[in-house]
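Open the model in your viewer and keep the selection tool ready.

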Amino acid sequence: PVPPVSPQARAAGLIDVRSVVPDAVIDLRYATPNNFVGVALYPADARCLVHESLGPGLAAAAAQLRAAGYRLVFWDCYRPHEVQVRMFNAVPDPAWVARPGDYARSHEAARSVDVTLAAGGRLVDMGTDFDDFSPRATAYATDGVSATQQANRALLRNAMAVGELAVYSGEWWHFDGPGAGTPRAILDVPVD
């Protein structure tokens, strides 16, 4: 069973993604130094929290993938505002890191996820790692991205589209749920 979320998370409408995708592989890169900043930005016990509105879509995407022998791997989910500030300070380029503002959108509003696929206990080859700030990381890149890697990205995009999650063209791994771009009050919710 998935442990209950904190009272603050529950009040904000957040759920643990494992409550809707029980076989999700959780690899929160920002809870480790294996990320573009090089230091852990989340506590080691961070959880993948998403707004409850993403639940049905993620469950549908995961079901389609599961039937084909794949599992969803979650690299990032809800991201606290102060973490977004630290990321932008490390890479102050709005083409790659969203500029923190007075409102929450996307990850800060728990309406976006960063995901990839696993099969047979291994990550599927998508052509780049997470947070690769190169042209090859764009969702529809062909230059330097093999036909197999392009097909793998399309498999992920198509499954996520079944769940009404749309890829962000700048990053093959980033998917926005309904209302991800709507400005909302900044959440003050712990990720653990």
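A salt bridge here is a side-chain nitrogen of Lys or Arg within 4 Å of a carboxyl oxygen of Asp or Glu. Keep in mind that this is a predicted model.

**Stop 1**

Select Arg 66 and Asp 23. They form a salt bridge, with the closest N and O atoms 2.8 Å apart. Arg 66 sits in helix α2, while Asp 23 belongs to the loop between β1 and β2, so the pair ties together parts that are 43 residues apart in sequence. Now colour by accessibility.

The whole structure has eight salt bridges.

**Stop 2: the network at Asp 16**

Select Asp 16, Arg 18 and Arg 47. Salt bridges link these residues in a network. Then turn to Arg 47.

Which of Arg 47 and Asp 16 are buried? Both are. For Asp 16 the relative accessible area is 3%, so the residue counts as buried. Arg 18 has 29% relative accessibility and therefore counts as partly exposed.

**Stop 3: the disulfide**

Move to Cys 48 and Cys 77. Show their sulfur atoms, which lie 1.9 Å apart in a disulfide. The structure holds one disulfide. Its S-S torsion is about -85°, so the disulfide is left-handed. The pair links distant parts of the chain: Cys 48 is in the loop between β2 and β3, and Cys 77 is in the loop between β4 and α3, 29 residues away. Cys 48 and Cys 77 are both buried.

**Stop 4: Asn 35 in its loop**

Select Asn 35, in the loop between β2 (25–26) and β3 (49–51). Is Asn 35 buried or exposed? Its relative accessibility is 12%, so Asn 35 counts as buried.

Display the polar contacts of its side chain. A polar atom of the Asn 35 side chain lies 2.8 Å from the backbone nitrogen of Val 37. The Asn 35 side chain also reaches the backbone oxygen of Val 39, at 3.0 Å. Beyond the neighbours within four places in sequence, Asn 35 contacts Arg 29, Tyr 30 and Ala 40.

**Stop 5: the nonpolar core**

Next, select Val 50, Leu 58, Leu 72, Phe 74, Val 113, Leu 156 and Met 160. These have the most contacts inside the largest nonpolar core, which has 52 residues. Strands giving two or more residues to this core include β1 (14–16), β3, β4 (71–76), β5 (112–119) and β8 (171–176). The helices that do so are α2 (55–67), α3 (81–90) and α4 (147–162).

Centre the view on Leu 58. What does Leu 58 touch, not counting residues up to four places away in sequence? The answer is Val 17, Val 21, Val 50, Leu 72, Phe 74, Val 113, Met 160 and Leu 165.

**Stop 6**

Select β5. Seven of its eight residues are buried. In a regular strand the side chains alternate between the two faces of the sheet.

The strands β4 and β5 pair antiparallel over five bridges. Look for Arg 71, which stands opposite Ala 118 in β5.

Finish at β6, residues 122–123. It pairs with β5 in the antiparallel sense over two bridges. Ala 119 has Arg 122, in β6, as its bridge partner. The hairpin of β5 and β6 has two residues between the strands, and Gly 120 takes a positive phi near 60° there.

Key: Residues numbered from 1 in each chain as written. Predicted model: local features only at pLDDT ≥ 70, side-chain atom pairs only at ≥ 80, totals over all residues. Heavy atoms only, no water. Helix = DSSP H or I, 4+ residues; strand = E, 2+ residues; numbered from the N terminus. Buried < 20%, exposed > 50% of the residue type's maximum accessible area, 1.4 Å probe, protein only. Polar contact = N/O pair within 3.5 Å; in protein donor to acceptor, adjacent residues only side chain to side chain. Contact = heavy atoms within 4.5 Å. Core = buried A, V, L, I, M, F, W, Y, C linked by side-chain atoms within 4.5 Å. Pairing = 2+ DSSP bridges. Disulfide = S-S within 2.5 Å.
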